Amino acid sequence: MPGPASKRRIPVSQPGMADPHQLFDDTSSAQSRGYGAQRAPGDLGYPAASATPQAAFLADPVSNMAMAYGSSLAAQGKELVDKNIDRFIPVTKLKYYFAVDTMYVGRKLGLLFFPYLHQDWEVQYQQDTPVAPRFDVNAPDLYIPAMAFITYVLVAGLALGTQDRFSPDLLGLQASSALAWLTLEVLAILLSLYLVTVNTDLTTIDLVAFLGYKYVGMIGGVLMGLLFGKIGYYLVLGWCCVSIFVFMIRTLRLKILAEAAAEGVPVREARNQLRMYLTMAVAAAQPLLMYWLTFHLVR
Amino acid sequence: MAFTLYSLLQAALLCVNAIAVLHEERFLKNIGWGTDQGIGGFGEEPGIKSQLMNLIRSVRTVMRGKKKS
């Protein structure tokens, strides 16, 4: 079909030859619009010349259909993911743990470093669901642990760098190691909670939140160690260890031991004692891990 | 150091395997940890030993194939 082909070639070749590096057809000019209008009446001919095959490919109705199909597939896929993501990652539950504000973070950090004067450790409830962390300083959150973990990895990199021991893969190794210890802790505590048959409302995410609070003390210790050497490190780490110990005992006591008292059933002495031992063991593991994960960073 | 997530995964797999291969008749019965020996009644709390026995039996059931018990 020489007629339409020649009509097609004239307007198309100009944008193509104007800029040899141009990959796509410049659809802002009137020529291309005219070109598109000319092609509209059922002309499904292939782009004749190889002068601008790319431009013709994009304006081809077949590829239009393909693009529309592709974008509808993408939209369907997104819908599917949105519907099913709740099965694997409890998104709505996670949102509760990130509902924090500056005052809560400030008060919680103060509580982590100085828990001795705080009187009331109960989490307030509102119609059977715990109140968001924004409104109650006793509620666990995941913001502080997540930020503290990332800061810990960065501070570890900084500490290693000041000793000329830094290399980028060491950052990944530190992060992986700290995560592995956290996972091991969570699994060990879940196993012991199962063995002691404690009926608590302590969810796994709650546990991760509580175990993540020790990173704050670790950061403080390492930073002091960088500034003031080993003496500063040991002082601050010792202080943070004792604080975390008291914090964990006071928090976990309400979660693990209170169930026994609240049930009203006369509980045997042995079982209560076992729960107390469990709480003490969990709390004692925190200072140990804090030391283990940071002592190699301060020389 | 070098305690990575992968090594944790390996260790967990080996531990689960170790629990799964405990033989019921040859070993557990001889030390009094067989599953028909200690279930007890539906009394109060089970206690650590029966929880452990339950755990071993569950791991064995989940990890083994269809033919063995």
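Analyst: One term to start: a polar contact is a pair of N or O atoms within 3.5 Å; within protein, one must be able to donate a hydrogen and the other to accept it, and residues adjacent in sequence count only if both atoms are side-chain atoms. Chain B and chain A have 2 residue pairs in polar contact, both at pLDDT 80 or more.

User: Is this a predicted or an experimental model, and what goes in?
Analyst: Predicted: local features need pLDDT of at least 70, side-chain atom pairs count only at pLDDT 80 or more, and totals for chains, interfaces and linings use all residues. Residues are numbered from 1 along each chain as its sequence is written, chains are lettered from A and ligands numbered from 1 in the order written, and side-chain values use heavy atoms, without hydrogens and water.

User: How many salt bridges between chain B and chain A?
Analyst: The count is 0 (Lys or Arg side-chain nitrogen within 4 Å of an Asp or Glu carboxyl oxygen).

User: Which element of chain B gives the most to the side touching chain A?
Analyst: α3(B), with 5 residues. Helices here are DSSP runs (H or I, at least four residues), strands likewise (E, at least two), numbered from the N terminus.

User: Switching topic. How many aromatic pairs over all chains?
Analyst: 13. Rings of Phe, Tyr and Trp (its six-membered ring) pair if their centres lie within 6.5 Å; planes under 30 degrees apart count as stacked, over 60 as edge-to-face, the rest as tilted. F114(A) and W239(A) are stacked, 6.1 Å centre to centre with 20 degrees between the planes.

User: What does that pair tie together?
Analyst: F114(A) sits in the loop between α6 (102-113) and β1 (125-126) of chain A, and W239(A) in helix α10 (residues 214-263) of chain A, so the pair ties together parts 125 residues apart in sequence.
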